[in-house]
Amino acid sequence: MFGNGDDVELTNYKTLKLDATWRPVAVIPAVDALLMSMDDKCTIVETWNREVRTQFLTFALPSVIVLKNHRALPHNNRCTKKNVIARDNHTCQYCGRSDCEMTIDHVIPRSKGGKFSWDNLVSACPECNQKKGNRSLKEAKMKLLSVPHEPKGPFIKKQAIHDNSWTYYLERE
């Protein structure tokens, strides 16, 4: 389908997927969004300045799509390292540092019954994670900058945002 020699580059493009009420629900590969539009499952709202060509047709690569059918989409905010760091805006929840590779820390250590859950995980810089170690906040004499929690509604990773035009759709919630 993509005979213009730019096959590898296409994988770098992402599309913001909105439900039928224009709420953001996911970030998906732009090629998947293009295929959804060809199957008449969505409407393309905005496009990248990039075209995909076949032998006879040219298609604009979607940047934002809206689904045509209103379906209750699952509220599935998986608690993963990437999602915890994104929720915390790539900022250490102990010292506020954001200029390094983040790790995650169990507020209540696993050895003391702490779970791998939204309300027990925070992003931490390597130094703070090392300093806290396998101790409670009180034992380590450390405080959190914010209380960890599960994000409300669909969770769109901040690091997945590729274009400022998405801000309009993401701030509508």
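Biologist: Where does pLDDT stay under 50 in this model?

Modeller: This is a predicted model, and its pLDDT stays under 50 over residues 1–5, a stretch for which the model has 14 contacts beyond four places in sequence. Where pLDDT is low, the predicted coordinates should not be read in detail.

Biologist: And what does the protein chain average for pLDDT?

Modeller: The average for the protein chain is 85, and 84% of the residues score at least 70.

Biologist: OK, how many helices and strands am I looking at?

Modeller: The protein chain has six helices and six strands, and if you read along the sequence they follow the pattern α-β-β-α-β-β-α-β-β-α-α-α. Among contacts in the protein chain with a separation of 6 or more, 62% are accounted for by residues 24 or more positions apart.

Biologist: How many aromatic pairs does the structure hold?

Modeller: The structure holds two aromatic pairs. In one of them, the rings of Tyr13 and Trp48 have their centres 5.7 Å apart and their planes at 65°.

Biologist: Why is that pair of Tyr13 and Trp48 called edge-to-face?

Modeller: Planes over 60 degrees apart count as edge-to-face, and the planes of Tyr13 and Trp48 are at 65°, so this pair falls under that description. The pair also links distant parts of the chain, with Tyr13 in the loop between α1 (7–10) and β1 (14–18) and Trp48 in strand β3 (residues 42–53), 35 residues apart.

Biologist: Are those two buried or exposed?

Modeller: Tyr13 has a relative accessible area of 19% and is therefore buried, the cut-off being under 20%. Trp48 is buried as well, with a relative accessible area of 15%.

Biologist: What about Trp48 and Trp166, how are their rings placed?

Modeller: Trp48 and Trp166 form a tilted aromatic pair, with 6.4 Å centre to centre and 55° between the planes. This pair links distant parts of the chain too, since Trp48 belongs to strand β3 while Trp166 sits in the loop between α5 (137–140) and α6 (167–170), 118 residues apart. Trp166 is buried, with a relative accessible area of 0%, and Tyr13, Trp48 and Trp166 form one aromatic cluster.

Biologist: Changing topic, which residues have the most contacts inside the largest nonpolar core?

Modeller: The largest nonpolar core has 16 residues, and those with the most contacts inside it are Cys92, Tyr94, Met102, Cys125 and Cys128. The elements that give two or more residues to this core are α3 (81–87) and β6 (121–124), and the largest share, three residues, comes from β6.

Biologist: What does Cys92 touch?

Modeller: Not counting residues up to four places away in sequence, Cys92 touches Arg97, Met102, Ser123, Ala124, Cys125, Cys128 and Leu145.

Biologist: Which residues of helix α2 are buried?

Modeller: In helix α2 (residues 30–38), the buried residues are Ala30, Val31, Ala33, Leu34, Met36 and Ser37. Just after α2, Asp40 takes a positive phi of about 60°.

Definitions and conventions
Residues are numbered from 1 along each chain as its sequence is written. This is a predicted model: local features need pLDDT of at least 70, side-chain atom pairs count only at pLDDT 80 or more; totals for chains, interfaces and linings use all residues. Side-chain values use heavy atoms; hydrogens and water are left out. Buried means under 20% relative accessible area, exposed over 50%, partly exposed in between (1.4 Å probe, protein chains only). Helices (H or I, at least four residues) and strands (E, at least two) are DSSP runs, numbered from the N terminus. Rings of Phe, Tyr and Trp (its six-membered ring) pair if their centres lie within 6.5 Å; planes under 30 degrees apart count as stacked, over 60 as edge-to-face and the rest as tilted. pLDDT is the predictor's confidence in each residue, from 0 to 100. Contact means heavy atoms within 4.5 Å. A nonpolar core is a set of buried Ala, Val, Leu, Ile, Met, Phe, Trp, Tyr and Cys residues joined through side-chain atoms within 4.5 Å.
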